[in-house]
Amino acid sequence: RVLSLLDDTYKVALQCPFCSTEFIHEVNLTEVPINYAKKEDLKLLELQLKVSQDKIKLKIPTLNQIINMQKKLEEYFDQFPNADKVEKLSLAINAVYLDKVNGTDMSMTELAEEYITNLDIIDNRQLEKVISKLDTMFGISNNIKTKCPKCDREVLHGLPITNELFSPSED
């Protein structure tokens, strides 16, 4: 982004968890901490579930896959506004990481969601635990620090993917 837009500032809308003040943190992208994957972390990409004994191969989703998942979720919630958002979001996030189950390709989101929906609860928890580790093992740090302008307490946040990333506002 810095190279293509010649802009290293990314505006992130935040709400202070202590006093509920809403404010904008202008993050200098050249100073954002980056976490790099370690070789030993890659073993998390393959696992065998405890109950079903299914052999799972996971993948790190691309930005495009994440954006497509977000669009599908928006369409789903527009169609079913009373749906359980937490459950559907969790299911969609886990599905986007699923690559193969016992050698069967799971790249079709619907197939992956159906598989996860039918998992035993113990297998589901095991899968969620591994995916949560994958989600934070590398990439942009979720521990970007700023101070609340009202209460002056430290606020930690990540770098959400919004239109601001691709088309920065001018003000």
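View 1. Cys16 is buried, at 2% relative accessibility. Here buried means under 20% relative accessible area, exposed means over 50%, and partly exposed covers the range in between, with a 1.4 Å probe and protein chains only. The model is predicted, so local features need pLDDT of at least 70 and side-chain atom pairs count only at pLDDT 80 or more, while totals for chains, interfaces and linings use all residues. Residues are numbered from 1 along each chain as its sequence is written, and side-chain values use heavy atoms, with hydrogens and water left out. A disulfide is a covalent bond between the sulfur atoms of two cysteines; the criterion applied is a pair of cysteine sulfur atoms within 2.5 Å. Zero disulfides are found in a search of the whole structure. Cys16 accordingly takes part in none, and the nearest cysteine sulfur, that of Cys151, lies 3.7 Å away. For Cys19, the closest cysteine sulfur belongs to Cys148 at 3.6 Å, which is too far for a bond. Cys19 is partly exposed, at 29% relative accessibility.

**View 2. The protein chain as a whole.** The secondary structure comprises six helices and ten strands. Helices (H or I, at least four residues) and strands (E, at least two) are DSSP runs numbered from the N terminus. The C-alpha trace spans about 50 × 45 × 35 Å along its principal axes. Of the 171 residues in the chain, 35% are buried.

View 3. The search of the whole structure finds two salt bridges, the term denoting a side-chain nitrogen of Lys or Arg within 4 Å of a carboxyl oxygen of Asp or Glu. In one of them, Lys72 pairs with Glu110, and the closest N and O atoms are 3.8 Å apart. This pair links distant parts of the chain, since Lys72 belongs to helix H2 (residues 63-79) and Glu110 to helix H4, 38 residues apart. Lys72 is partly exposed at 41% relative accessibility, and Glu110 is partly exposed at 46%. A salt bridge also joins the side chains of Lys88 and Glu113, at 3.0 Å from N to O. Because Lys88 lies in helix H3 (residues 85-97) and Glu113 in helix H4, the pair ties together parts 25 residues apart in sequence. Lys88 is buried, with a relative accessible area of 15%, and Glu113 is buried, also with 15%.

View 4. Met106 sits in the loop between strand S7 (104-105) and helix H4 (109-117). Met106 is buried, with a relative accessible area of 6%. Met106 and Ala95 are eleven residues apart along the chain, and their C-alpha atoms are separated by 8.3 Å.

**View 5. Two surface patches, one positive and one nonpolar.** A patch is built from residues with over 30% relative accessible area and no salt bridge, joining like charges within 9 Å and nonpolar side chains (Val, Leu, Ile, Met, Phe, Trp, Tyr) within 5 Å. Accessible areas come from the Shrake-Rupley method with a 1.4 Å probe, and for residues only the protein chains shown count as cover. Lys and Arg count as positive and Asp and Glu as negative, whereas His and the chain ends are not counted; a charge is placed at NZ of Lys, CZ of Arg, CG of Asp or CD of Glu. The positive patch gathers Lys43, Lys50, Lys129 and Lys133 on the surface. Lys133 belongs to helix H5 (residues 121-137) and is partly exposed, at 43% relative accessibility. Ile34, Tyr36 and Ile140 make the nonpolar patch of about 330 Å². Ile34 belongs to strand S3 (residues 34-35) and is partly exposed, with a relative accessible area of 41%.
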